[in-house]
Amino acid sequence: MEYLNWNIFYCRSRYADMLHDKDRNVKYYQGIRAAVSRVKERGEKAIVLDIGTGTGLLSMMAASAGADFCYAIEVFKPMANAAVKIVEKNGFSDKIKVINKHSTEVTVGPDGDMQCRANILVTELFDTELIGEGALPTYEHAHRYLVQEGCEAVPHRATVYVQLVESRRMWSWKKLFPVHVEAEDGEKILVPPSEMENCPGLPSVCDIQLNQMPSGDFSTLSDVVKMFSVDFSKPVQSASTCYRVQLEPVKSGKAQIVLSWWDIDMDPSGMINCSMAPYWVKPTSALQWRDHWMQCVYFLPREEPVLQGEKLHLTACRDEYSVWYNLQKAREGESRADEEQHKADVCVQSPVCRCRAHLLWNRPRFGELNDQSRTRQYIKSLRKVLKTDSICLCISDGSLLPVLAHYLGAKQVFTLENSGVSCSVMEKFFKANNLEDKIKIIEVRPELLKPSHLEDKKISVLVGEPFFTTSLLPWHNLYFWYARTAVSSHLASNVTVLPQSASLHMMIVEFQDLWRIRSPCGICEGFDVRTMDDMIKDSLNFRESKEAEPHPLWEYPCKSLSEPQEVLTFDFTKTVPEHCLSTEGSVKLLRKGKSHGAVLWMEYHLTADISVSTGLMKLSNEKGNCEWNPHCKQAVYFFSSVIESEILSDPSAVEYAMNFDTKTGEIAMDFKLL
């Protein structure tokens with residue numbers, strides 16, 4: 001079973017995406033050919049070390065380019081086994097040795113894994129942040145123990161670029177904005193605690209498909225600047241360090257965000273270059289879609305007003321695995337020694353969340369809480385259901401609904417929090433707004449709620465967004481229904497539940513690019529990698545992997561081929577039934593295109609006439625272009641035809657069957673193209 005689980009891991013990783021990355025593969029092949037040629041021109045044998053070989057593709061490129069021998073290192077056993085099969089299938093078993101070890105465990109010598117040190121180092125150890133997968137310590141060890149001094153390296157170097165921007169949208173992923181509420185006794189302004197205001201947030205990178213960010217959602221304040229480079233042909237240091245550049249804003253504004261990406265030169269001259277630059281940096285270049293390398297969004301510790309033309313210092317600090325940024329005004333007359341000392345001082349402090357809100361709410365959740373139009377929908381709904389004698393209970397993780405309910409006139413408000421973190425955050429929130437004696441926090445699971453927690457009162461209004469931090473797929477927030485069922489004995493007979501119900505919606509789509517992560521590759525740069533395709537396909541045959549998977553579709557454009565369709569409903573005014581909820585039917589395809597899969601999302605009906613969607617926000621009927629809720633991940637079910645590369649040319653409809661298991665809260669689904 002362990003092998004099957006690794007299969008599933010690889011299926012859900014981005015191997016297929018990498019094999020489909022034509023630009024990456026071509027550039028690597030060009031770089032490897034050039035490196036082998038340089039070594040041969042020196043009259044040396046070309047001995048290649050390929051760390052993190054995966055399918056063995058780069059080693060096969062090297063062998064095909066004339067390398068005398070390749071050592072291909074792969075730590076994950078199922079992948080190493082696949083690499084052995086792929087290498088053998090392509091006829092390179094005599095030139096490539098697959099070593100199933102971590103590179104730091106590889107030995108060199110007559111009785112070692114490698115007979116001698118390599119003179120060509122080939123790797124693909126990079127993530128969107130460049131160093132997040134441990135590239136630096138791996139290179140450091142390889143240069144010390146596994147490769148010759150002055151070796152060739154493919155890639156030869158990596159360069160990280162940055163650009164300073166102002167963006168209310170991206171800044172809303174880091175901090176909470178004040179919320180304005182029109183109450184009976186005048187406007188109330190809900191403010192975040194000062195601790196939250198000044199918190200640097202989490203050190204983890206925010207990696208996104210920046211090419212899907214509309215130009216109107218950010219304003220560039222600086223030119224693109226080269227932040228730092230790493231030469232992989234020389235010994236690499238993984239110890240923490242800082243880099244500093246001087247910037248002059250090209251316009252005045254609020255510096256909030258550092259956008260970052262990198263490129264790699266496959267050769268010393270930089271003629272063979274693979275770039276992650278977004279669309280506005282290279283507007284004339286054709287963009288290669290890829291999901292394994294994207295772009296980074298870094299949040300400055302605080303918003304800094306900047307003026308056009310003033311001198312600024314941007315400092316990038318890094319440890320072995322992550323990078324963070326600080327911005328300072330340049331000091332007039334600052335000496336080199338002062339500058340270095342200031343740089344060192346900046347370096348010390350890595351971002352650590354002190355307010356705990358960044359531990360409770362992820363970045364999309366911050367964006368959701370800052371969505372004013374969404375908040376207005378909840379305010380409008382609460383106005384309809386609250387009375388002056390309402391006893392209100394909120395069940396959601398770290399929600400602002402208890403505060404809204406209090407401001408809108410509820411007599412008493414309780415909030416059920418599932419964790420110590422959410423309790424801590426809400427306590428600080430209530431205290432900052434002088435509400436600590438107005439709203440009672442109850443830290444207990446719904447099934448353990450006692451009358452004494454509610455001061456022996458019956459709940460007349462039960463509310464939830466619903467939002468729970470453990471939810472991955474859209475329907476996981478139906479936990480609210482289970483919580484509502486668990487607290488039934490504490491509800492008044494005429495209780496109002498908000499939302500009153502929910503519905504599951506579905507639509508058949510053609511993806512612009514996302515389909516590539518599940519599509520077989522077959523032949524990659526002339527090498528047969530169908531063993532990997534079979535491995536992915538086999539893993540998808542297990543029930544565990546035949547389910548939908550979460551994706552933020554605002555980052556992944558698609559075209560609707562059908563109308564959106566409601567397929568299941570959930571009535572929160574009643575308890576969860578004992579029996580399963582099932583449905584089947586068919587959806588007609590209205591537009592021509594490749595039916596890659598179904599997208600599913602939830603809609604919550606707050607009242608009879610007010611709903612909020614976690615999925616489709618807008619649909620262009622002419623072209624079928626979709627606009628998705630940017631704060632939520634939607635569920636994507638890829639049809640088997642994508643995996644088998646046998647997409648029907650012109651299906652007319654899709655049959656579906658859904659089963660909601662009320663015991664587990666999971667939805668099993670099946671689709672058939674007609």
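**Chatting through cavities and a sheet**

Reader: Which residues line the second largest cavity?

Author: This is a predicted model, and in it that cavity is lined by T128, E129, V160, F228, S260, W262, C296, Y298, V323 and Y325. Strands β13 (253–265), β15 (295–306) and β17 (323–329) each give two or more residues to this lining.

Reader: And how much space lies in there?

Author: About 50 Å³. By class, its lining has seven nonpolar, two polar and one charged residues.

Reader: OK, how many cavities of 30 Å³ or more does the structure hold?

Author: Three. The largest has about 90 Å³ of space, and the residues lining it include E368, R374, Y378 and E465.

Reader: Which element gives the largest share of that lining?

Author: Helix α12, with three residues. The lining of the largest cavity has five nonpolar, two polar and three charged residues.

Reader: Switching topic: what's the strand order in the open sheet of five strands?

Author: The order is β20-β19-β18-β21-β22, with parallel pairing. At the edges are β20 (439–443) and β22 (491–498), and each of these pairs on one side only.

Reader: How many bridges join β18 to β19?

Author: Five bridges link β18 (residues 391–395) with β19 (residues 412–417). C394 stands opposite T415 in β19.

Reader: What does helix α12 touch on the sheet?

Author: Helix α12 (residues 372–385) packs on the sheet and touches β21 (459–463) and β22, with its direction at about 155° to that of β22. Helix α15 (residues 479–486) lies across β18, β21 and β22, running at about 170° to β22.

Methods. Residues are numbered from 1 along each chain as its sequence is written. This is a predicted model: local features need pLDDT of at least 70, side-chain atom pairs count only at pLDDT 80 or more; totals for chains, interfaces and linings use all residues. Side-chain values use heavy atoms; hydrogens and water are left out. Two strands pair if DSSP finds at least two bridges between them. Helices (H or I, at least four residues) and strands (E, at least two) are DSSP runs, numbered from the N terminus. Contact means heavy atoms within 4.5 Å. Axes are lines fitted to C-alpha atoms, for helices over the stretch in contact, and angles run from 0 to 180 degrees between N-to-C directions. On a 1 Å grid over the protein atoms alone, a cavity is a set of points where a 1.4 Å probe fits but cannot get out, and a pocket is an open set with protein on both sides within 12 Å along at least five of seven lines; lining residues have an atom within 4 Å of a point. Grid points are joined across faces, edges and corners, and a volume is the space filled by probe spheres set on the points. Ala, Val, Leu, Ile, Met, Phe, Trp, Tyr, Cys and Pro count as nonpolar, Asp, Glu, Lys and Arg as charged, and the others, Gly among them, as polar.
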